[in-house]
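User: Hi! I have a model open here and would like to talk it through with you. Could we start with the strands and then move on to the ligand?

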Amino acid sequence: MCGIVGYAGGAQAAPILLHGLKKLEYRGYDSAGIAVRDASSAHIEVIKAKGRLDRLMDMTGGGQAVCGMSGVGHTRWATHGEPSAENAHPHYSREKRVVIVHNGIIENYQEIRDMLERRGYRFHTQTDTEAAALLLDCAYAGEDGNSPQERAVHAIRTTMLRLQGSYALGILFHDQPDVVYAARRDSPLVVGRCTGEAHGHILASDVPAVLSYTRDVVYLDNMEIARITKDTLDIYSIDAERISKPMMHITWDAQAAEKGGYEHFMIKEIHEQPAAVRDTLSPRIVSRNGAPDTDLTETGLTDEEIRRIQRVLFVGCGSAYHAGLVGVGVTEALARIPCSAELASELRYRNAPVQPGTLCVLISQSGETADSLAALRLCKEKGMKTLAIVNVVGSSIAREADAVLYTHAGPEIAVATTKAYSAQLAALYLLAVHLSSRRAAISPAQKQELLEALTALDGKIKQALGEKTRIQRFANTFAACRDVFFIGRGLDHALCMEGSLKLKEISYIHSEAYAAGELKHGAISLIEDGTLVIGAATQPQVFAKMLSGIAEVKSRGACVLALSAQADDRLAEAADFCIGLPGTHPLFAASVGVVPLQLLAYYIACERGLDVDKPRNLAKSVTVE
Ligand code: F6R
């Protein structure tokens with residue numbers, strides 16, 4: 001979704017803004033723009049273009065053609081108004097007195113627009129953001145603070161209190177040279193101190209945009225305002241009081257956010273799954289009295305609290321929700337606690353009754369998904385204990401949940417999640433083993449068996465990657481297909497939902513995931529000669545049932561690709577193709593089963609010549625509702 005960059009310092013701003021925007025490309029966008037203030041001429045130059053950032057690069061000679069040491073930049077993912085140069089950000093008021101870039105949605109923009117039009121303001125775009133720009137202009141004109149700084153902070157504050165919705169803003173005032181302001185409500189913003197040639201300060205929607213200049217950042221919290229210049233960083237509360245916040249040091253390697261020789265981020269990240277799973281599991285599996293045990297101190301759950309849990313509610317969106325479905329199956333099987341998974345976007349408005357003793361587990365890669373954040377707040381409001389499983393350190397969900405279990409997948413750039421999903425599964429397995437052992441729902445021997453299986457899981461995922469050449473061949477054969485069905489039972493149904501989503505989002509092929517036993521209640525009428533059906537058969541207790549399910553679709557003309565760890569002649573006979581999975585504990589089979597499904601989606605999308613890392617209409621971090 002939209003990305004923001006701002007810079008004030010000792011170097012030319014435009015190349016830094018463009019470089020930062022490039023690093024935010026993964027978020028998804030359809031147009032881009034920059035505004036740079038030339039202190040000597042007091043002129044703010046705004047350049048915008050529809051389409052890829054390269055166009056803006058060409059128009060500005062990589063930024064070299066634009067003079068000035070402060071500015072803001074933006075990649076836009078259209079919400080209000082079509083993708084066009086006019087609707088691209090920055091937006092500004094008359095004579096560019098106020099120039100802003102915005103990530104999020106202003107919900108009451110129409111009301112603000114009507115009010116401002118009555119006061120004589122004229123609008124030139126269809127965006128909600130222009131309403132925020134002109135409202136700020138109006139507030140700034142009406143402020144008479146002691147200093148320009150005080151006027152600006154008060155005007156931003158007044159504007160923030162009037163705006164409804166979510167926003168991260170980057171702001172320039174025409175009469176304040178070499179200063180950039182920022183403000184946030186429910187959309188992320190980090191501010192960093194740059195050293196070296198770019199000496200100054202930089203702000204952005206996400207860390208990759210600042211990593212080339214700094215590793216020391218402050219995460220802005222909700223309803224905070226920042227002011228950056230070459231030498232200063234000031235942060236204000238919504239009451240316009242100066243506040244101090246700790247700098248955090250980013251430890252990731254900048255190269256973790258580069259392609260490193262792979263053709264796409266997605267295939268690189270698929271290959272990083274063994275490491276993501278190992279790094280998530282290994283610090284939390286310890287040796288106690290000669291046997292492996294879980295160490296989940298960071299969840300803040302005492303043994304007594306764990307024993308009192310009545311229900312676990314897993315909440316997320318998209319793939320994170322699919323991980324939650326696996327969490328339900330594994331936690332119920334091991335800990336014998338009733339569990340359910342909810343889509344965050346549904347939970348928000350469902351007015352679900354609260355059961356006392358519910359542990360709410362929020363799952364999110366970015367930690368910024370608007371629906372998940374809102375669901376988290378709702379669960380907290382209803383008195384539930386909340387635990388977040390999050391990949392991005394310091395993100396909103398991580399900060400607002402009662403406790404966090406970080407996944408250690410590293411930065412994930414491809415829009416379609418792979419390694420973060422796998423790391424989420426690993427964290428959920430650990431949590432399930434932890435809850436079940438603390439509730440004495442499993443024996444010490446079972447715990448040992450499960451933890452040994454988890455310790456070996458990264459190796460199994462690596463083995464599953466070994467099938468990639470066969471899968472690529474298969475993908476090339478089926479790249480032109482129109483509909484695909486994924487069928488499985490129990491945990492395999494959750495796996496199928498993830499496989500189907502991967503295929504849809506990057507290859508644009510229609511696909512559906514069905515519980516295998518449910519197909520005959522309607523959807524089997526869609527199976528015809530040559531329909532591709534992927535059957536997942538990793539669960540021993542329903543293996544025979546899956547054989548029947550596969551036979552049912554085969555007899556209606558389907559072409560079946562089966563996935564199983566079980567070498568069984570009956571499956572080989574029933575299916576047209578089989579992908580053998582490495583054996584692991586059946587409860588953890590989604591972790592190996594997902595690998596061929598990710599590879600299949602990837603190779604089909606490549607064969608179709610699609611933009612794998614940035615699929616159409618999608619954004620990496622969905623910060624609007
Ligand atoms: C699918 C995908 C999305 C995300 C969803 C939640 O490949 O990436 O479905 O899983 O938007 O995002 P996070 O995990 O950041 O909350």
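**Strands, domains and ligand**

Analyst: Happy to. G192 stands opposite V217 in β11. Keep in mind that this is a predicted model.

User: Thanks. Which strand pairs with β11 over 3 bridges, and in what sense?

Analyst: That is β9, residues 190-194, and the pairing with β11 (residues 216-219) is antiparallel.

User: And how many bridges join β11 to β15?

Analyst: There are 2 bridges, and β11 and β15 (residues 248-249) run antiparallel. For a residue to look at, take D216, whose bridge partner in β15 is H249.

User: Nice. Zooming out, how is the protein divided into domains?

Analyst: Domain 1 is made of 3-104 + 166-257, domain 2 covers 273-455, and domain 3 covers 464-613.

User: What separates the centres of domain 1 and domain 2?

Analyst: The distance is 34 Å, taken over C-alpha atoms. As for contacts, 12 residues of domain 1 touch 12 residues of domain 2.

User: On to the ligand. Where does it lie relative to domain 2 and domain 3?

Analyst: Between them, because domain 2 and domain 3 both give residues to the shell around the ligand.

User: How many residues surround it, and which are the closest?

Analyst: The ligand has 14 residues around it, the closest being S364, Q365, S366, T369 and E505. By class, the shell has 5 nonpolar, 7 polar and 2 charged residues.

User: Which helices supply at least two residues each?

Analyst: Those are α9 (318-335) and α17 (491-507).

User: What about the oxygen atoms of the ligand, say with K502?

Analyst: A ligand oxygen is 2.9 Å from an N or O atom in the side chain of K502.

User: How much of the ligand does the protein cover?

Analyst: It covers 90% of the 400 Å² of accessible area that the ligand has on its own.

Definitions and conventions. Residues are numbered from 1 along each chain as its sequence is written. This is a predicted model: local features need pLDDT of at least 70, side-chain atom pairs count only at pLDDT 80 or more; totals for chains, interfaces and linings use all residues. Side-chain values use heavy atoms; hydrogens and water are left out. Two strands pair if DSSP finds at least two bridges between them. Helices (H or I, at least four residues) and strands (E, at least two) are DSSP runs, numbered from the N terminus. A residue is near a molecule or strand if one of its heavy atoms lies within 4 Å of it. A polar contact is a pair of N or O atoms within 3.5 Å; within protein, one must be able to donate a hydrogen and the other to accept it, and residues adjacent in sequence count only if both atoms are side-chain atoms. Accessible areas come from the Shrake-Rupley method with a 1.4 Å probe; for residues, only the protein chains shown count as cover. Ala, Val, Leu, Ile, Met, Phe, Trp, Tyr, Cys and Pro count as nonpolar, Asp, Glu, Lys and Arg as charged, and the others, Gly among them, as polar. Domain bounds come from an automatic or database domain assignment. Contact means heavy atoms within 4.5 Å.
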